[in-house]
Amino acid sequence: MATPPTLPISSQSNASVGAASQSQPPIATPAFRAFISRMSSSLRQAFSQRRPWSEMVDRSSMSRPDTLAEAYSRIRKNFSYFRVNYVTLIAFALAVSLITHPFSLLVLFGLLASWSFLYLFRPSDQPLVLFGRTFADRETLGMLVVLTVFVIFLTSVGSLLISALMVGLALVCAHGAFRVPEDLFLDDQESNSTGFLSFLGGAAASAAAPAVARV
């Protein structure tokens, strides 16, 4: 009795690989992995420049400035030296503000997830299909921009973020104005004044690269 013909193994494996690549979720795309890897390595490098908190809150180095010009000069010098600590303090104020308002935190996470899954890290060969309709990249970008404007400016999320940011900046300015910077070594800090925030440009560029390629 003749046996039925069988499909080649190579064809079956190619089909399975193709189906797996098509079913790959956006969160596992190479662009997303590269973004996370670059951001984590940059954060580790940035936090390695953090100054000791005991040095930041040394009470013996606190004094009231005599003039506004002196306060401004202190803020500039202290920010150059304690920039990582100051950004951490502002981020902590934002985190506390969001944690104490769970609804705003969920809304913000939903907005970030929408940008990540629907545009930034979505494979360019997979169009967005919602409710049986296929959306072009420009239409998707327009909807996300409108959604972002609505969430930031027409809900309590925007006012919450601005309030927390103002509180963090007020704490930073108060510390910078009252901390006497004469005992700080600032000469080698001026050239690296953007060290902590440098990861934002690189990470954002790696995240925006596939999006720009689609547009």
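## Exercises around helix α8

S156 is found in helix α8. Helices here are DSSP runs of H or I with at least four residues, numbered from the N terminus. This is a predicted model, where local features need pLDDT of at least 70, side-chain atom pairs count only at pLDDT 80 or more, and totals for chains, interfaces and linings use all residues. Residues are numbered from 1 along each chain as its sequence is written, and side-chain values use heavy atoms, leaving out hydrogens and water.

**Exercise 1.** Work out whether S156 is buried, partly exposed or exposed.

*Step 1.* Recall the classes: buried means under 20% relative accessible area, exposed over 50%, and partly exposed in between (1.4 Å probe, protein chains only).

*Step 2.* S156 has 39% relative accessibility, so it counts as partly exposed.

**Exercise 2.** Decide whether R179 is buried or exposed, and list what it touches.

*Step 1.* Locate R179 in the loop between α8 and α9 (198-214).

*Step 2.* R179 is buried because its relative accessible area is 0%.

*Step 3.* Using contact (heavy atoms within 4.5 Å), and not counting residues up to four places away in sequence, R179 touches E55, M56, S61, M62, R74, N78, F82 and L184.

Note on methods: Helix = DSSP H or I, 4+ residues; strand = E, 2+ residues; numbered from the N terminus.
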